[in-house]
Amino acid sequence: MTGEETVADEAEQADEARAGPRIITVFNQKGGVGKTTTSVNVAVCLAAFGRRVALIDLDSQSNATANVGVTPPVASGAYHLITGRAPFAECLRPTPFAGLRLVGGSDELAWADIELALGGQPEAGLTRALQTAPDDLDVIVIDCPPAPGVVSVNALVAADAVVMPVMPSPHARDGLHKAWWNVNRVRSNFNQQLSVIHILLTLTEEGDLTQRLSEDIMAEFGNRVMPVLVPRDNVVIEAAGRDLPVAVMASGSAPARAYVRVAESAAGPVGARRRRQHRGP
Ligand SMILES: Nc1ncnc2c1ncn2[C@@H]1O[C@H](COP(=O)(O)OP(=O)(O)OP(=O)(O)O)[C@@H](O)[C@H]1O
Ligand SMILES: [Mg+2]
């Protein structure tokens with residue numbers, strides 16, 4: 001991974017010179033691994049640190065939208081943004097949390113894959129839309145659906161950094177290899193500026209099996225694995241049931257403290273990042 005890291009370092013330095021918010025995409029094609037929980041809590045923690053944050057919910061399940069206290073479906077949101085139906089500012093709405101705004105989800109997102117695929121440059125809709133992001137945003141956090149489809153590819157094409165939640169389970173490494181391969185395929189075809197890919201171990205449990213599986217992933221992926229585990233804890237489900245991020249409802253809990261650390265390392269340096277044109281393959 002040394003060559004890859006050099007490319008990543010150069011891309012990171014090039015990023016510093018560009019204007020625009022830092023875009024953090026939370027992706028794993030596997031379902032139920034903590035993508036939405038990670039997106040919502042990273043977004044709310046970054047807002048609590050004083051960053052001006054937009055959370056984009058690209059999943060037709062709209063769980064991230066509900067989790068920040070907005071009732072889905074939204075009239076003008078991520079579907080309208082990614083398909084070019086509405087400008088960014090029109091899709092942004094406030095949330096109950098200071099510094100955090102939302103581009104919400106809706107059922108129509110289930111159709112975005114096919115609509116984008118039928119148009120020109122299907123991978124670039126979100127990148128184009130983000131070029132009109134308001135200047136008063138520092139960070140955009142994108143929650144992906146559990147599929148490696150066109151919508152997820154759009155989110156990876158637009159990303160400066162990817163956070164890939166992985167639940168250490170018996171088949172986790174197979175799923176991780178597939179997700180890793182997909183991200184790197186997008187990077188080499190469409191987004192050579194994608195500089196950082198973090199693997200985040202989520203829903204971890206005490207015990208030998210989790211320990212061994214986590215160690216195997218760390219041995220293979222080295223410092224690409226974030227040095228923080230998000231433990232499985234029912235307080236996360238309780239918070240989701242109240243449409244609250246766990247970092248807000250139970251800030252002293254172990255998952256909340258873990259997400260503070262995840263947000264710190266995913267945030268990158270304070271300040272402007274980039275606004276780039278889409279470059280095709
Ligand atoms: N650390 C945790 N401890 C306990 N439960 C958790 C934790 N993280 C997430 N969960 C719960 O696990 C379920 C799946 O989490 P989440 O919705 O974040 O995953 P996802 O990858 O976004 O799922 P999907 O692929 O369906 O979009 C949810 O019910 C969530 O509340
Ligand atoms: Mg989700």
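Select Asp243, which is partly exposed, with a relative accessible area of 37%. In these terms, buried means under 20% relative accessible area, exposed means over 50%, and partly exposed lies in between (1.4 Å probe, protein chains only). The model is predicted: local features need pLDDT of at least 70, side-chain atom pairs count only at pLDDT 80 or more, and totals for chains, interfaces and linings use all residues. Residues are numbered from 1 along each chain as its sequence is written, chains are lettered from A and ligands numbered from 1 in the order in which they are written, and side-chain values use heavy atoms, leaving out hydrogens and water.

Asp243 sits in the loop between helix H11 (234–241) and helix H12 (246–249). Helices (H or I, at least four residues) and strands (E, at least two) are DSSP runs, numbered from the N terminus. The phi of Asp243 is positive, about 55 degrees, although the residue is not a glycine. Most residues other than glycine have a negative phi, and most peptide bonds are trans.

Next, select Leu203 in strand E7. Its phi is also a positive value, near 50 degrees, and at 24% relative accessibility Leu203 counts as partly exposed.

Now go to Pro72 and Pro73, joined by a cis peptide bond with omega about -5 degrees. Pro73 belongs to the loop between helix H3 (63–67) and helix H4 (78–82).

Then select helix H10, residues 208–221. Which residues of H10 are buried? They are Thr210, Leu213, Ser214, Ile217 and Phe221. Seen down the axis of H10, these buried residues fall within an arc of 100 degrees (taken from the directions from the helix axis to the C-beta atoms), so they line one face of the helix. Asp208 and Ala219, on the other side of H10, are exposed. Gly222, with a positive phi near 55 degrees, follows H10.

Finally, show the strands. An open sheet of 8 strands runs in the order E3-E4-E2-E5-E1-E6-E7-E8, with mixed pairing; two strands pair if DSSP finds at least two bridges between them. Strand E3 (92–94) and E8 stand at the edges with a single partner strand each, so one side of each is left without a neighbour in the sheet. Strand E1 (residues 22–26) and E6 pair in the parallel sense over 3 bridges.

Methods. Expected span 1.5 Å × (residues − 1).
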